[in-house]
Amino acid sequence: MPKPTSSAPSQRMLRVGEQVRAAITQVLQRGDVRDPLIENTVISVSEVRMSPDLKIATAYVTPLGQTDHSATIAALNKHARYLRGRISPLIRQMKYMPELRFRDDTSFDNYSKIDALLRSPEVARDLDNNDDDDGDRGPDGGAENS
């Protein structure tokens, strides 16, 4: 019987990804990387996704307080091998230390777009109309007779 395939990450992938995220965060907080761009930037590591074989770790990062993230992402990718060596003592249970790749985390931008849409006057108007409609209906869905 073939093994069912799923696109969802396994528990092991999630657990290892969280351990790698914590290790990267710890190394960046200590200031081990001697790059002025990385040293002078607060970097938020929001998620690390592991490949199914646990050999590639893709870290989604956001440099806080910067509008252009590309230079910081490029600097992190340039120092990825060094960071890999620095996190290896923090993650001892793995047979192979994963290759690190850094990507820009755009989820915060998506959240702010959704928030702006929800706060727009059109949506507020529609929500007010729905509240008025709910109050006029009786328990059977028809209009109440007073």
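This is a chat about a predicted model of one chain.

Colleague: What should I know about the model before we start?

Modeller: The model is predicted, so local features need pLDDT of at least 70 and side-chain atom pairs count only at pLDDT 80 or more, while totals for chains, interfaces and linings use all residues. Residues are numbered from 1 along each chain as its sequence is written, and side-chain values use heavy atoms, with hydrogens and water left out.

Colleague: OK. How many helices and strands are in the chain?

Modeller: The chain has six helices and three strands. Those are DSSP runs numbered from the N terminus, with helices being H or I of at least four residues and strands E of at least two. Starting at the N terminus, the order is α-α-β-β-α-α-β-α-α.

Colleague: At what angle do helix 1 and helix 4 cross?

Modeller: The axes of helix 1 (residues 11-30) and helix 4 (residues 80-87) cross at roughly 105° and come within 10 Å. Axes here are lines fitted to C-alpha atoms, for helices over the stretch in contact, and angles run from 0 to 180 degrees between N-to-C directions. The two helices are therefore roughly perpendicular, a label for angles of 65 to 115 degrees.

Colleague: And which residues in helix 1 and helix 4 meet?

Modeller: From helix 1, Val20, Ala23, Ile24, Val27, Leu28 and Arg30 meet Leu83, Arg86 and Ile87 of helix 4. Contact means heavy atoms within 4.5 Å. The residues of this contact are seven nonpolar, no polar and two charged. Nonpolar covers Ala, Val, Leu, Ile, Met, Phe, Trp, Tyr, Cys and Pro, charged covers Asp, Glu, Lys and Arg, and the others, Gly among them, are polar.

Colleague: Switching topic: is Ala75 buried or exposed?

Modeller: Ala75, in helix 3 (residues 70-78), counts as buried because its relative accessibility is 8%. Buried is under 20% relative accessible area, exposed over 50%, and partly exposed in between, with a 1.4 Å probe and protein chains only.

Colleague: What does Ala75 touch?

Modeller: Not counting residues up to four places away in sequence, Ala75 touches Asp35, Leu37 and Ile38. Leu37 is 38 residues from Ala75 in sequence, yet 7.4 Å away in space, C-alpha to C-alpha.

Colleague: Where does Thr58 lie?

Modeller: Thr58 lies in strand 2 (residues 56-64), and is buried at a relative accessible area of 16%. Leaving aside neighbours within four places in sequence, Thr58 is in contact with Glu47, Val48, Arg49, Arg101 and Arg103.

Colleague: Last one: what sits over the ring of Tyr96?

Modeller: The charged end of Lys55, 4.4 Å from the ring centre. The cut-offs are NZ of Lys or CZ of Arg within 6 Å of the ring centre and within 35 degrees of the ring normal.

Technical notes: Angles under 35 degrees count as roughly parallel, over 145 as roughly antiparallel, 65 to 115 as roughly perpendicular and the rest as oblique.
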